[in-house]
Amino acid sequence: MIDPMSALSIAAGVVQFVDFGKNLLSASYEIYRSPSGETSEEVELSTIAKDLTALITQIKDRAGKLPRGEAHNTAAQYQLVKISEECEEIFTQFQEALNQLEKRDSLSGREGKQKEHPKSRLKMARGSIRRALGSVWNAPKTDSMIKKLEKTKGRMMTATLFCLWDESKRSEQRDIKFSERLDDMIAMLRRLEERVDRTPRGPTNDPQSKSYNSSMLGVGSKSITETVIEALNDGRSPETIRIHKELVDCLWNQQQRPGQRNWNEGEPEGRTGLSEKIKNSFQKAIVNSLVFETIQGREEAIPKAFERTYSWIFEREPGELDGKQLWSSFPDWLENCTDQPYWITGKPGSGKSTLMKYILQHRLLKPHLQKWAENFALLITSYYAWVAGSDLQKSCEGLVRTLLYQVLQLNPSLVPEVAPRRWSLFLTLRSITKMPPWQRWELEESFEVLLSKCGTTMRLALFIDGLDEFESPPLQVLELIQHINDRNGIKVCVASRQWTEFNDAFNLNPMLRMQELTTADMAHFVGVKFEGNRGFLELKTIFPAEAARLVGDVVRKSDGVFLWVSLVVKSLLEALTEGDGLVELQETVDQLPIDIAQLYDAILSRISSRNVTASSKLLVTFKAAVGPLSYLTLWLADEKQSLNCDINSLFSHARSGLVDIMKRRLDSKTRGILEISPDGTVNYLHRTARDWALQPSVWEGICSTLPEGFDPYLLLLRAETIRLPEKANLRSNSMGLSWDILNKSMWYASQVGDSPANASELMRVLNKMNSEASDIAAPYLQLEGTVMSLYWPSTQEATQGIRARGNTFLGLMSQFCVLPYLKVKLEPEQKANKLKPRKNCTSLLENAVFGYPGINDSSVSSSYRISSSQRLETVSFLLERGFSPKEVMLNGNAIINEVRKRREEERYSESREYWAEVEELLGARLGSKWRLKSLFRRKRNS
């Protein structure tokens, strides 16, 4: 192990040597400055040679003191010695050039041609040393030498950091130890800079002129701290990638929670140069890492309460019936210290979610809660579960993640305590760097810390809508609610249907039943809607009693279901506009079913015959979509726009027009069963609409009207491919690509039916995607010498905080098991050896077997998971085409050995079964000899 101070001393010597050499070659260097800081307007060539010799001798002496022997021959030491030798080679080239200048000057003097300022003595002027050396070296050679010096300095920075990290790993708190070593490194280099900078600059009238003391680490550009931090976070260097990985492995060790690190630790503003602004950016980055795409989608989709409805909820004294209160006083519950959650319950469609949104947006909520919170900080949070949404919109994990996000957004100062692993990562690396994705155990750990703060430094009011919308079993949801509610300083309000489990848990709590309380609200809603229709007003003038009866019957027949009223009123208003009389309207109301599902049947039956197929296409395409479906994506899919459609030419006013077009289309084709939310996503009208549509008999009827060969996945793939340039324009990451949309698109491709009718179109769309992605990524992939310079698919894992590894588009198709594409590209006569991947590139078989991180892991929730049967079919196909199970992966293991290892280590039965089947496939390809070895190995292990 190398002494860190030895490494730092070598680094300081190399940096000084490199920057001295760069300044000699700089076109703007006009005052000679020796390594000790002395300045001169004239300099002897021998003086330059002497100064270079002193610098290289210093490096050699320091490198020579490194411990020798096999026990000390670490990678870090090897790098330091290697870089020292590179400096010696550079010195030799400088020395040879100076010797040639001296020799040429000597010849000139003997011939009597020596000028006033011989070449052996240079009068300093801007770029004079560069010009002198340029008479020996040509311009490309000079520029090449500058680049070589810069590369040497960069490698020295990296090697030193690696050395410091290796030494820090001996400490139990390696992140803190490494931070201290970084401070030492920055301080040493800063002292070196200050020693030189103490010498005054020479006079210059040129604003572009830069003298040597402008910065020891990059002339006139970055500070020392910035340079070190940049080197530490260089994603192209194997050494810094390894530091990042090992640091993450250390900090994310479940068995050991890192100690809390305060911002003032290590004098950040003094030694490391970290400012309050950077602290805030760290906090913001960690908070934003909790965000998921649909975190606010459900709340935005819930309609606002109709004007002058639901105001009764904030009345201090609830209404009574037969001497009994109709509901529990909500203001009293908000203000009092109680350990019982408030339960809002009711029938499907009775308005529970709308009431919850009304409460959260009401101006009186916070004043009431503040009386309970007293002098504590009050934080109000909410979660709207949505069974038709993404995984995180309907899970306990999503609830916890949303609450963490909202609380930390409201109070960022909690970040270091609540997310200590991420905070330590940022403090150590001094930069907003790639973070591991949040896993359930870390969310639970952070949530426990957050709950412990309630009642001591703050009070938390939590509103959870849709307990019945969770995919988790009701008892599991109730267990989490109870766990939260048991803590001090927390108040919980929940809303759900009247399921037995929820009734048993909350029946004795403060509560209200929606269907018993909204009669007046519904009458007001119906009256205002009808009064706004000219046809109704005309009828009411002539038949006031019949008009009043119609309003009353609509409310009465609703049985407390506000959604039923809304749907019926919409239908009646259309009839009024068409000129129906009160008799026809009354007959319609009398004939309408009370059951909400039967009402949807009635609505579907009213779709005109010419729109039935279009309706089915929209409903089936919507159901096939993964995650939130934008109105624009649905429009592109439904219109089957050309692949060459310029999506970026659709300006904001055009998009606004498209929203109106799609609203009208959904309204007419699906009769409002699908609608566009305020955030631009398409959703079911209500949970009840989804439940109805997914009934087997209903869905079978919808699909029966589709045209033959209709494939929603192919249409969605086309739409997402057309949108790829638009999504790229919205991205700010260094890759330029939106891997969210790419992964989604490739998953759609994997679901396209394998038929001759689809094959040619699928090939065309995927080739277009490949072309578009190549064009988008091209400006970002000019990082010479990195694996990403191979091709855009190599950036896939880099965006997830994993070191980029080489890949190809064909590799991605194997990864997502797009068999129709592979069958065309890998014809039987094409041998596997012709498709052998280039160095550091993932093979097709490795892609197919292991997939994309998370997609092939049954323990991780993923919308893009490929079924085991489809993956096995792809593996089998590649083996038939000649790919070998013994192929060596990027991690150095043979594929079959890695599969066996995964099978033996797998904890989840579903995944273990998959690995066993893959092993069987690979073994069958290798033949009987492998089978005997495998059998012997299993017997030996048992």
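Modeller: Before we start, buried here means under 20% relative accessible area. Also keep in mind that this is a predicted model.

Biologist: Thanks! Is Phe809 buried or exposed, then?

Modeller: Phe809 has 3% relative accessibility, so this residue counts as buried.

Biologist: Which residue does Phe809 form an aromatic pair with?

Modeller: That would be Tyr821, in an edge-to-face pair with 5.7 Å centre to centre and 85° between the planes. Phe809 is in helix H35 (residues 809-815) and Tyr821 in helix H36 (residues 819-825), twelve residues apart, so the pair links distant parts of the chain. Tyr821 is buried too, with a relative accessible area of 3%.

Biologist: Let's zoom out. How many aromatic pairs does the structure hold?

Modeller: There are 27 aromatic pairs in the structure. One of them joins Phe622 and Tyr684: the ring centres are 5.0 Å apart and the planes are at 90°, so the pair is edge-to-face.

Biologist: Where do Phe622 and Tyr684 lie?

Modeller: Phe622 belongs to helix H27 (residues 612-624) and Tyr684 to strand S14 (residues 681-684), so their pair ties together parts that are 62 residues apart in sequence. Phe622 is buried at 12% relative accessible area, and Tyr684 is buried at 6% relative accessibility.

Biologist: Nice. Which residues do ring pairs link into a cluster?

Modeller: The cluster is made of Phe306, Tyr310, Trp312, Trp327, Tyr358, Phe525 and Phe562.

Biologist: Switching to charges: what sits over the ring of Trp137?

Modeller: The charged end of Lys141 does, 5.5 Å from the ring centre. Elsewhere, Lys491 lies over the face of Trp333, with 4.7 Å to the ring centre.

Notes. Residues numbered from 1 in each chain as written. Predicted model: local features only at pLDDT ≥ 70, side-chain atom pairs only at ≥ 80, totals over all residues. Heavy atoms only, no water. Phe/Tyr/Trp six-rings, centres within 6.5 Å; stacked < 30°, edge-to-face > 60°. Helix = DSSP H or I, 4+ residues; strand = E, 2+ residues; numbered from the N terminus. Buried < 20%, exposed > 50% of the residue type's maximum accessible area, 1.4 Å probe, protein only. Lys NZ or Arg CZ within 6 Å of the ring centre and 35° of its normal.
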